[in-house]
Every structure is written in C-alpha cells, then in structure tokens.
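Try each task before you read its solution.

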Amino acid sequence: MNRTNICKMIIQFIKDYITDPIKLEPHRAKKHFIRNRKLSMLQVIMYLFYSSKASMYQNLACIRDDLTDLEFPSISKQALSKARQFINPSLFKELYYLSVDLFYKHIPSRKLWHGYHLFAVDGSKFELPNSRSNFEFFGEMFGYPDPNRRFTMGLASIVYDVLDDYIVHASFHRYLASERAAAIEHLKNLEDLNIYHNSVVIFDRGYYSENMFRYCVAHNHLCLMRLKESYNLSKKCSGDIITKLYGNANEGTEDIDIRVIEVVLDDGTKEYLATNLFDTEITKDMFRELYFYRWPVETKYKELKSRFGIEEFNGATTTSVFQEFYINMLLSNLSSLIKNDVDEMIEISAKDTNKYRYQANRAFIIGRIKKLIPKILCNISELSSMDILCNDACRCRSQIMPGRSFRRKKNKAKGRTHFRNQKVTI
C-alpha cells in the first residue's frame, strides 16, 4: 500500500469515527450534545477541521458556502466558542495517535540509514493567547524589557521519524516543563508501537544527562546525544573513544560503556557526541552525518508555525489550544504522506539530462489538504480527490537548491507577534 492510499485510509477512518455517536460519547462533556440543538457536535468538529487563520466570522461565513451538505447554522462566534469547550481535546489526540498506528501497520517498507531507522526528538516554544485558563494551566510570565507585560507560552515536544517524514508522538506542556521528561514519554511511545528496534534516536544539546543516557541503555534505545563543551566527557575526548559511566551501589546503578566522538565542523568548531551505538562500521565521519539528520525536526517546526500557522489559535482557552494542536499534528502527517508519494513520482519521471532536481511543493499540498479533508468528511468530495491532488502536486513542483546554508540569526527581545484581533481576511 502506497502512502497516498494510507492517507485515504486514515481519512476514511476519521470519517467513520466522527460520525459514530458511540465513539464520540467519551469525548463530549456531560449533559451536552444530547438533544437536538441548533449546533450539533459533528458540526463543531467539522468547523475545527475547517477553520483557517482567518477571523472567526470569516470562517463561519465560508463554512456555510464551502460545506453546504453540513447545513451549518447561522450562529454567533460566542455560541460557537462556548460549544467547542464541551468537546474534549482527547478526541483529536486519539484521532492523531490512531493515524500513527495505521501508518506503521500498513507502510510496506521504511527508509533506512546504513541499516538503521532514524528518529529525532526536539522541543519548541509556542506563543499562546492571553486568557485566564492559559495563565492557570501554562503559567504566567512577565516580559522583557517591559516587566508589566504579562504573557504565556507552551512547550511542544515531538519525536519525528526523520527518513519517513512523520511525527510519531507529540505532547504539549507548560513552558517550564522538563524537555527530558517529555523525551522519555516519546521513547515509551516508540516502545508501545514496537518500532524502536534497530533505530537511532537523535537528541540536541541540552537533552543529555546521565539518567537520560542510562534510560536509553536500560530500555534498548540506541541514541546519539550532543554534549555541552563544559562536560568532562567532552573535555576528555579527542577523536573517537569508549569510556565508562560509573555506577553507584547506593542508587543501584551499574557501570555502563559510553562512546564519545569529537566532530570538527567546516568552520573548525568542535562538537561532541555521546552514543551507545558501538557498531564499528559507523565511523567518526558517519556520526557527523548522522547528527545532521536531526535538522529536519527543526524544519518540521517551521512548517507547523509558518505553513499551518499553529500559533494563530482561533480559540483563547486551554481546551481550544489542545484541540488545534492535535488537529495540526494530524494534518501535518497527512500532508507528508502525499508529499512523499509525489516526490517519488517526480524522481521516477526525472531524466538524467535534467539540469536540476525537483521536489513537491509542500506549501501547495498543505493548502489543498486543509481544503479537501473537510469536504471529504462531509461527503462533498470523494477520496479519489487525493489522487487528483497528487497529480496536481506533480506539476506544482519546486527546484531543489543543493548546498544552501543560512547564518542563524540571534533573536532579539520582542513583544507578542500573534494577535487574535488581527486575523487575515482570507
């Protein structure tokens, strides 16, 4: 089964799930959506899948025009905002995780790097709307240089299948939550899915700790962690060495081996990597290549923030934030399935005489996916629309620019950038 068919299977599964009252029952608030009201639970769910970065009134006007079969009523935005609070975000969280299960059960073959699957773990801060519920749940912070500016942020954390372009597990926490605790939650999810064998999990600087490394060793996770230059392991390393982390009898820990590699970048800067991968066929230079495979998780966050506009929340409450977070995780993965299939189609049709190589335009696919899925769920469009999208995406391609690099800009202190009263009009 190719990825487009997996995408169609997931969409059909979502459709069957949200139209089944028995499956929806655990996700509605008690005593709500049980009588024939003006706004049904299904209509609210469809609005959440449909809504864009536009203003709420703009979305309400457009959904009646685009999803005619839904018979969406003419209501105020206050009524809709109140109604969505009675749908537990666990609904969209479950749809997202079930889509991950379907992907790994039906993917015919997974991509490998020298015989290993690759995962990357990383976190990112998200700007959130100022509201009482967000202040209470995520915590209240004070700005710089103006200490009177109150704001709140959340910490998103994901484990990302680098080669297969898929977000395997995602979580959302208070901004000051522990990234390592979130990472361990991701590792446990890989264990539950039983996809962690013969895999390497790549961590950025800041994740390494002796306890974190010991967890990976104890649970048979191969890992690669960047070390801070100030660590003794870094200071004692020159080249590629194997040393020990000594245990503590009082704590019940044993001595374990750790491999430390010194990597020299093109500008002469030295970085240090720690791993429990002792495969002698993986050389020092290959470890440098392996660590750079972590970079796509950074571009995935860029996709979520710029293409999906995940920080442009339509609702201000904590319930709304979690609803939209998991919807965007789901849509991101569905877009990736289409893009990967289209990339293969473009590669097959490419000629050796072509001056440049091309890839699918991810922004085009995301834009079409966000419009098509609500129509398929409402029976306005057929699942075959995904095949048409693939054909269109083959023609809307982007040139691959090899060797591109950009100097990282240092962020300057700035105020809030996402305002709910300054939404786009389309």
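**Exercise 1.** How many of the nine residues of β9 are buried?

*Solution.* Keep in mind that you're looking at a predicted model.

Step 1: go along the strand, residues 256-264, and check each residue against the cut-off for buried, which is under 20% relative accessible area. Seven of the nine pass, so β9 is mostly covered.

Step 2: look at one flank. β8 and β9 run antiparallel and are joined by six bridges. In that pairing, Asp-240 has Ile-261 of β9 as its bridge partner.

Step 3: turn to the other flank. β9 also pairs with β10 (residues 270-275), again in the antiparallel sense and over six bridges. Here Ile-261 stands opposite Leu-273 of β10, and Glu-262 stands opposite Tyr-272.

Step 4: follow the chain from β9 into β10. The two strands make a hairpin with five residues between them. In the turn, Gly-268 has a positive phi of about 90°.

**Exercise 2.** Work out the strand order of the open sheet and find which strands are at its edges.

*Solution.* The eight strands come in the order β5-β4-β1-β6-β7-β10-β9-β8, and the pairing is mixed.

Step 1: pick out the strands that pair on one side only. Those are β5 (166-174) and β8 (240-245), the edge strands.

Step 2: check how the strands are turned. On average, neighbours in this sheet make an angle of 25° with each other, ignoring direction.

Step 3: see what lies across one part of the sheet. Helix α8 (residues 179-193) lies across β1 (117-127), β4 (153-161), β5 and β6 (199-203). Its angle to β5 is about 145°.

**Exercise 3.** Which residues of helix α9 are buried, and what covers them?

*Solution.* Step 1: list the buried residues of α9 (residues 210-218).

Step 1: collect what covers them. The cover includes helix α8 and the strands β6, β7 (222-227), β8, β9 and β10.

Step 2: look just past the helix. α9 is followed by Asn-220, which has a positive phi near 60°.

**Exercise 4.** Is Val-200 buried or exposed, and which residues does it contact?

*Solution.* Val-200 sits in strand β6.

Step 1: check its accessibility. The relative accessible area of Val-200 is 1%, so it counts as buried.

Step 2: gather its contacts, leaving out neighbours within four places in sequence. Val-200 touches Tyr-116, His-117, Leu-118, Phe-119, Leu-222, Cys-223, Leu-224, Leu-277 and Leu-290.

Step 3: From C-alpha to C-alpha, Val-200 and Lys-244 are 20 Å apart, with 44 residues separating them in sequence.

**Exercise 5.** Find the largest cavity and describe its lining.

*Solution.* Step 1: search the whole structure. Two cavities of 30 Å³ or more turn up, and the largest holds about 170 Å³ of space.

Step 1: list who lines it. There are 15 lining residues, and the closest to the centre are Ser-51, Phe-308, Asn-314, Glu-324 and Asn-328.

Step 2: sort the lining by type. It splits into six nonpolar, five polar and four charged residues.

Step 3: trace the lining back to helices. α3 (41-50) and α13 each supply at least two residues, and α13 gives the most, with four.

Step 4: zoom in on Glu-324, which belongs to α13 (residues 318-349). Glu-324 is buried, with a relative accessible area of 9%. Beyond residues up to four places away in sequence, Glu-324 touches Arg-84, Glu-312, Phe-313, Asn-314 and Gly-315.

Methods: Residues are numbered from 1 along each chain as its sequence is written. This is a predicted model: local features need pLDDT of at least 70, side-chain atom pairs count only at pLDDT 80 or more; totals for chains, interfaces and linings use all residues. Side-chain values use heavy atoms; hydrogens and water are left out. Two strands pair if DSSP finds at least two bridges between them. Axes are lines fitted to C-alpha atoms, for helices over the stretch in contact, and angles run from 0 to 180 degrees between N-to-C directions. Contact means heavy atoms within 4.5 Å. Buried means under 20% relative accessible area, exposed over 50%, partly exposed in between (1.4 Å probe, protein chains only). On a 1 Å grid over the protein atoms alone, a cavity is a set of points where a 1.4 Å probe fits but cannot get out, and a pocket is an open set with protein on both sides within 12 Å along at least five of seven lines; lining residues have an atom within 4 Å of a point. Grid points are joined across faces, edges and corners, and a volume is the space filled by probe spheres set on the points. Ala, Val, Leu, Ile, Met, Phe, Trp, Tyr, Cys and Pro count as nonpolar, Asp, Glu, Lys and Arg as charged, and the others, Gly among them, as polar.
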